[in-house]
Amino acid sequence: MSMLRAGLHGARWIDPEYYHLTLRFIGDVDGATARDFTEALGELVAAPFTVKLNGLDSFGGKKPRTIFACVAPSPELEALQHAHDGAARVAGLAPERRKFTPHVTVARLRGTRPDAVAAYLQNAGLISETFTVKRFVLYSSRNSVGGGPYVVEAAYDLDDEEVDYGDDYYGGYEFDHPPLFGIDP
């Protein structure tokens, strides 16, 4: 993806060591909530799975603010994201209201014309080989230029045992219904 880091005026490219896929953003929280969330994440059960990057897109519509690599949908990734939302709820955090759009941010934009973004996206292709996700991490971040710096607060290995990702699987947390777009039904 680092070969894509050119050719767009107003783009602030994310340093490659800070590329990541956010499963659940929790924002600024107090120490007790952070501890509860960290512990709840440790209770998640999931097996390693594969993901693939599949194209580039932008967020922001007529005022583009971000270029990102799209992550191909997968039931395992969605289940892990639902489990993260469940862990946040266990820690007392409000449900996420935004629809989960799996992506890896490549650049943040400032003052970039929509037609320039459209031309960039049309000319820059991205399709990756699949790669195996074997762990997830809990990051904290500090405000800075270039994305990050991110600090790994905790890391969680995915188990090699077989996990049933049926319709009612939420990473070890049981809910009557899945959280839909972060709003309990």
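## His103 and its contacts

His103 touches His20, Leu21, Thr22, Phe59, Phe68, Ala69 and Val71, leaving out residues up to four places away in sequence. Contact means heavy atoms within 4.5 Å. His103 is found in strand 5. Strands (E, at least two residues) and helices (H or I, at least four) are DSSP runs, numbered from the N terminus. A polar atom of the His103 side chain lies 2.6 Å from the backbone oxygen of Thr101. A polar contact is a pair of N or O atoms within 3.5 Å; within protein, one must be able to donate a hydrogen and the other to accept it, and residues adjacent in sequence count only if both atoms are side-chain atoms.

This is a predicted model: local features need pLDDT of at least 70, side-chain atom pairs count only at pLDDT 80 or more, and totals for chains, interfaces and linings use all residues. Residues are numbered from 1 along each chain as its sequence is written, and side-chain values use heavy atoms, with hydrogens and water left out.

## The annotated pair

UniProt, in an unreviewed entry, places the feature "active site" at His20 and His103. The two are spread over 84 residues of sequence, yet they cluster in space, with a largest C-alpha distance of 8.2 Å. UniProt positions are given in the numbering used here, feature names are shortened, and annotations may be inferred rather than shown by experiment.

His20 sits in the loop between strand 1 and helix 1 (31–42). Is His20 buried, partly exposed or exposed? His20 counts as partly exposed, at 23% relative accessibility. Buried means under 20% relative accessible area, exposed over 50%, partly exposed in between (1.4 Å probe, protein chains only). Leaving aside neighbours within four places in sequence, His20 contacts His103, Val104, Thr105, Tyr139 and Tyr150. A polar atom of its side chain lies 2.9 Å from the backbone oxygen of Tyr18.

## Thr105

Thr105 also belongs to strand 5. Thr105 is buried, with a relative accessible area of 15%. Not counting residues up to four places away in sequence, Thr105 touches Ile14, Tyr19, His20, Thr66, Ile67 and Phe68.

Four strands form an open sheet in the order 1-5-4-3, with antiparallel pairing. Strand 1 (11–13) and strand 3 (53–59) stand at the edges, each with a single partner strand, so one side of each has no neighbour in the sheet. The twist averages 30° from one strand to the next. Two strands pair if DSSP finds at least two bridges between them.

Strand 3 pairs with strand 4 (residues 66–71) in the antiparallel sense over five bridges. Leu53 stands opposite Val71 in strand 4. Helix 3 (residues 114–123) packs on the sheet, touching strand 1, strand 3, strand 4 and strand 5 (103–109); its direction makes about 175° with that of strand 3. Axes are lines fitted to C-alpha atoms, for helices over the stretch in contact, and angles run from 0 to 180 degrees between N-to-C directions.

Which residues of helix 3 are buried? They are Val117, Tyr120 and Leu121. Seen down the helix 3 axis, the buried residues fall within an arc of 95°, so they line one face. The arc is that of the directions from the helix axis to the C-beta atoms. These buried residues pack against strand 1, strand 3, strand 4 and strand 5. The face turned away from the buried side carries the exposed residues Gln122 and Asn123.
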